[in-house]
Amino acid sequence: MDTEERTGSRCSCSAGPQAESPCCSAGTPPAGEVGTTTSTITSADRLDHLLARWGWNRNGHRVEPGLYRLGSPTADSPVFASANYTLSFDALRSALAGVDAWILVLDTHGINVWCAAGKGTFGTDELVRRIRAADLASVVAHRKIIVPQLGAPGISSQEVARRSGFAVEYGPVRARDLPEYLTTHTATPAMRRVEFPVADRLVLTPVELVIALPMFLAAIVLWFLAGPVAALAAVATILTGTVLFPILLPFIPTRDFSTKGMILGAVVALPFAFSFGTSPALPTWAGALAAAATLLVMSAVVSYLALNFTGSSTFTSRTGVKKEIFRYVPVMAVMAAAGLLAGIALGVSRLMGAI
Amino acid sequence: MYDSYTETSLRYDPDRCVNCRRCTQVCPHAVFAEGPDRVELARPAACMECGACALNCPVQAITVQSGVGCAWAMIAAALRGKDMDTECSCGGDDGSCCG
């Protein structure tokens, strides 16, 4: 009943069959076959992580789903569930150095545990299916599987128990806490909390930047239309929205991402607005108009990029994001439109020789 | 003003709680806290509506409209005239969420 209630609000995309995924179609081991892995992260793994962080072949960082042997596990060794995203799987196996364990990799289409759980691909159905496919009940003598805490949005522990006979034990949020967790099988409150420290925010910025790459076209266009300072302003806007904003997130006033973005955008726009406003080449009215256009467009664009960062953050609720969209997207649109109109007016004035 | 995150769709019915504390284990933001004989709603505004608590509550004491708060996908859905609550393209090549 729980699951049925949830389907309505769950992401509906790529919920289809997973067979055609590139890495999974080639050499899928027959059901029940057990793979072998180690805790060692090689330089090839590190390169793969780097490429994943830069959004290169974004859905291609996959591990073959199924059961893996880590070290020399026995029938009494613990079983850990993971996603078939290399960053997730590698975080788990490297944290388990020196531990003999079984790792059950679910097919999450190359998506990390938390996001896949939100979509339901790291979910009850897939977990039960993998437990059966690996014949886990005959591999281990116990009936317990340790699932990462962030898998919980997709897993109904009571349903997994009912359907597979395996009890779900929620491990800590971060794999690196596993060694300490395994001594008592109890997570401290800190192990259960998701934070969003600067390192975690910084690591997301390359993907944000890569996704915003097409926006750099605007910089090139502006170079020809309005000169190098305008092009620099465009580059500054994109870098502010995708890199500076995530880094400064907790230090910018207000709670809403849109208003944070608007404030940051305005601050970064100030020197450019000043430069245009005091340009000796422009009459006073044109300088003022150029300064206003710069402030309006830069704040609106950074605000929009900031709003989009809610999806990467670890704490914004859907209700709140929706509220932000209705509150601020119209404001951003008006600001951007007013700024662009002012820019067009300046361009026309220049063409007509008025300035 | 400037805080759109004060209210969420999280609802908790303490009368149904059997004090299994599963919700305190799965919540990434310590929204629930252990109480003397049942779990208490300690930080409701910190809820990000991931839905883990409701899905893992054995007695349906918790309900929440769960979903990924992905602005990009919701704006795209709104622009295409689709329901913002059911559409999500996170995890694809085109969304910025799910990093």
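Helices (H or I, at least four residues) and strands (E, at least two) are DSSP runs, numbered from the N terminus. With that in hand, take helix α6 of chain A: just after α6(A), A:D135 takes a positive phi of about 50°. This is a predicted model, so local features need pLDDT of at least 70 and side-chain atom pairs count only at pLDDT 80 or more, while totals for chains, interfaces and linings use all residues. Residues are numbered from 1 along each chain as its sequence is written, and chains are lettered from A and ligands numbered from 1 in the order in which they are written.

**Chain A overall**

- Chain A carries 17 helices and six strands, and its C-alpha atoms fill a box of roughly 85 × 40 × 35 Å along the principal axes.
- Of its 355 residues, 44% count as buried; that label takes 20 or more other C-beta atoms within 10 Å of a residue's own, with exposed meaning 12 or fewer, partly exposed in between, and the C-beta atoms placed from the backbone.
- If you look at contacts in chain A between residues at least 6 apart in sequence, 70% join residues at least 24 apart; a contact here means that the two C-beta atoms, placed from the backbone, lie within 7 Å.

**The two domains of chain A**

- Chain A is split into domain 1 (2-194) and domain 2 (199-351), with bounds that come from an automatic or database domain assignment.
- The C-alpha centres of domain 1 and domain 2 of chain A lie 39 Å apart.
- Four residues of domain 1 of chain A are in contact with six residues of domain 2 of chain A.
- On the domain 1 side of chain A, the residues touching domain 2 divide into two nonpolar, one polar and one charged. Here Ala, Val, Leu, Ile, Met, Phe, Trp, Tyr, Cys and Pro count as nonpolar, Asp, Glu, Lys and Arg as charged, and the others, Gly among them, as polar.

**Nonpolar cores**

- A nonpolar core is a set of buried Ala, Val, Leu, Ile, Met, Phe, Trp, Tyr and Cys residues joined through C-beta atoms within 7 Å.
- The largest one has 65 residues, and A:I103, A:L104 and B:C53 touch the most other members.
- Strand β4 (residues 101-106) of chain A gives the most to this core, with six residues.
- Setting aside neighbours within four places in sequence, A:L104 is in contact with A:L67, A:V79, A:A81, A:R130, A:A134, A:L136 and A:I145.
- There is also a second, separate core of 42 residues, and its members include A:A234, A:F257, A:V302 and B:C70.

**Helices worth a look in chain A**

- In helix α6 (residues 124-133) of chain A, the buried residues are A:T124, A:E126, A:L127, A:R130 and A:I131.
- The axes of α16(A) and α17(A) come within 8 Å and cross at roughly 145°; axes are lines fitted to C-alpha atoms, for helices over the stretch in contact, and angles run from 0 to 180 degrees between N-to-C directions.
- By class, the contact of α16(A) with α17(A) has 20 nonpolar, five polar and one charged residues.
- A:A345 sits in helix α17 of chain A and is partly exposed, with 15 other C-beta atoms within 10 Å.
- A:A345 and A:T319 are 26 residues apart in sequence and 39 Å apart in space, C-alpha to C-alpha.

- Chain B has three helices and four strands, in the order β-α-β-β-α-β-α along the sequence.
- Buried residues make up 46% of the 99 residues in chain B.
- For contacts in chain B between residues at least 6 apart in sequence, 38% join residues at least 24 apart.
- Helix α3 (residues 71-79) of chain B has B:A71, B:W72, B:A73 and B:M74 as its buried residues, and these pack against α16 (284-308) and α17 (318-351) of chain A.
- Just after α3(B), B:G81 takes a positive phi of about 75°.

**Positive phi in loops**

- A:H109 has a phi near 60°, a positive value in a residue other than glycine.
- A:H109 lies in the loop between β4 and α5 (113-119) of chain A and counts as buried because it has 23 C-beta neighbours inside 10 Å.
- B:E49 is not a glycine either, yet has a positive phi of about 60°.
- B:E49 is found in the loop between β3 (40-41) and α2 (52-56) of chain B, and is buried, with 25 other C-beta atoms within 10 Å.
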